[in-house]
Amino acid sequence: MNKKAWLLFFVLLLTVSTALFGCSSDDGSSDDGGSGNDGGDAAEESNGDAQDTLVFGRGGDSVALDPITVTDGESFKVTKNIFEQLVEFGEQDTEINPGLAEEWEVSEDGLTYTFMLREGVTFHDGEAFNADAVVANFDRWASGTEDKFYYYKSMFGGFGDEEGHVIESVTAVDESTVEIKLKRPQAPFLKNLAMSPFGLVSPKAISDMSEDELAENPVGTGPFKFVEWRRNERIVLEKNEDYWNSEYPKVNQVIFRSIPENSARLNALMSGEIDLADGINPSDAAQIEGDENLQLFERPSMNIGYLGLTATREPFDDPKVRQAMNHAIDRQAIVDAFFEGRAEVAKNPMPPVIAGYNDDIEGYEYDPEKAKELLEEAGLGDGFDMELWAMPVPRPYMPDGQKVAEAIQSNLAEVGINAEIVTYEWATYLEKARLGEADAFLLGWTGDNGDADNFLYVLLDQDNIGSNNYTYYENQEVHDLLIEAQSEVDEDTRNQLYMEAQELIHEDAPWVPLAHSTPLMAGSANLQGFMAHPTGSDWLHTVSFE
C-alpha cells in the first residue's frame, strides 16, 4: 500500500473509532446509519484530492468470504470484487465473456472444454495463476460435500465419483491450458462456471489455511484485495496494485457497510456517509429522482420472491394444503403495497425474462373460499397453527420481509390459519431453513446465470435437497425432465422440457410465488461508472467519482 493510501486508511480507522466510541450498540453494529462516519468526509483525501474511497451501504453482512461455501447475495457482493472466474458475464447481462481464460474450445460432442488461460496474472498472495491453480480449485470443490459446497452440487450434480457428478476430469495440459471433460453434455456449463461461487482461490491459501480461515481471509486474483472484516459493521477492500488489467480499479478502497434498515441506509446516503446504497424502498424512488445530489439505479430484473412451504413438515406434506396457501394469499395486494409498481405478480418459480418460461400456466387466484374448501378436503377445516418465517434483512426480491409476512399472516387468518411470525439473524435464518426447520419461510432468488436450470434445478430438484432446495420438494418426474433439459443442446427442446416441468411444479405447489421485482439502488450524483448487474453481484472496479 502506498503512503497516501496508508494515510487514508489511518484517517478512516480514527474516524470510525471515534464514532463508535460515542455511539455504540450492544452488538457493536451501527444500524441507524449515523454512528459510523466512514463515508462522506472520510472518503475524501485530506489534502482535497479527488475522492478515492467508495462506501457501499447494504442491508446485511456477509455470511463468509470463501465464495464456494456461500449462497447469499450479501457474500457475493464482496467476493465478486476479490475473485475471478474462468469466464465472466457481460457488464449488465449473462452473456459469456473471457475471464481468467482468454479463449476456449468445445468439442463437437460437447464433452470436452479446453481453456487457454490469461498469462501474467497473480493471486493477491503473490502466487502465480496457471493451469495447476485451476486444477487445485476443481480438486478442492469436487472433494467437498453438499453441506460445505452447496453450489457445486447444485450446478455440477455431485462430488467425486458420485453418479450424478457431471465433471469427469480436470487436467493441466500445460502451464496455460486446462482441459475439462464431462460425463454428459451440460448445456449451461459455461454459464455455471461464470457464477460467483466458482471464483478461483490461491492454491497456497487452500493448502495453508483451514476452511474457517479461508472463509475470513479471501485470496483471489480480482481488482480488490481483502483488508479487514468487522462483523455486522464493515468489510474493507483495497486496490490490487498488481491487477492484470492496469486500467482498473479506479478507486483505492471499497468499504461495505452493513445498515439493516432501508430508511437508515437512505439517510446515510443523503448525508454523505455512504456513496452507494442497495435495497432502496420503491416508495423512496421519487424522492431520490427529485434530489440533484443523488441518482437512482434500476437493477435489471432476474429474480423471484417466494414463500417456501417445507414439504416434509405436517401439514405441508399434503399438496392440498400447499394449494390452499396459494389461494389464500393476495399476491397482487402485496405487490401493490410494497413494490410501488416496480414488480409483477409471480406465478412460476422463474421470471419471464428467462428462456423456457411457461406463460400458459394459470396462476393461483386469490380465492379465500377455495382455500377453505381445500383445507376441508385435507381434513383441516378448522384451520391449524404454524410458524411463518420473515427475513431479517431487505433483499432485492423483497424490500421488507417483515411487512410482507404481516400481510400474509392477515390473509391466512381469514381462512383459519394462525401464523406466528418468527425470525432469526440472517446467517442463522438461512442455515435453519436449509435444514428444513421452517414450516413456511420467506425467501427468494436472484438468478446466477440467466438459465432456467439455475432456478428450476437448483431450487426445486430433489438432487438439491439440503443445499438450495430449502422446501425439500421431491418429484421424480420433475427430476427426469430437468436432467434431460440439462443435457439437451437444442434450445427449443430444452425450453419445452422446462415448460413441462413448470406445469408439474405448479400442481405440486411447493412455493407460493410472490413477485418478480425491479430492484432499486441509489448513489451520490458524482458517482460514475457503476453498472448494476442482474445477478445482484456488482463489479466495482469501474467506479470512480467526478
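Contact here means heavy atoms within 4.5 Å. The model is predicted: local features need pLDDT of at least 70 and side-chain atom pairs count only at pLDDT 80 or more, while totals for chains, interfaces and linings use all residues. Residues are numbered from 1 along each chain as its sequence is written, and side-chain values use heavy atoms, without hydrogens and water.

K191 lies in helix α5, residues 189–193; helices (H or I, at least four residues) and strands (E, at least two) are DSSP runs numbered from the N terminus. Leaving aside residues up to four places away in sequence, K191 touches F89, T94, I96, N449 and G450. K191 is buried but has no salt bridge, and E95, the nearest side chain of opposite charge, is 5.0 Å away. Buried means under 20% relative accessible area with a 1.4 Å probe, protein chains only; a salt bridge needs a side-chain nitrogen of Lys or Arg within 4 Å of a carboxyl oxygen of Asp or Glu. Lys and Arg count as positive, Asp and Glu as negative, with His and the chain ends not counted.

Strand β9 (234–239) has five of its six residues buried. Strands β8 (224–230) and β9 run antiparallel, joined by six bridges; two strands pair if DSSP finds at least two bridges between them. W229 has I235 in β9 as its bridge partner. Three residues separate these strands in their hairpin, where N232 takes a positive phi near 60°. Five bridges join β9 to the antiparallel β10 (253–258), where R257 stands opposite R234.

Conventions
Buried means under 20% relative accessible area, exposed over 50%, partly exposed in between (1.4 Å probe, protein chains only).
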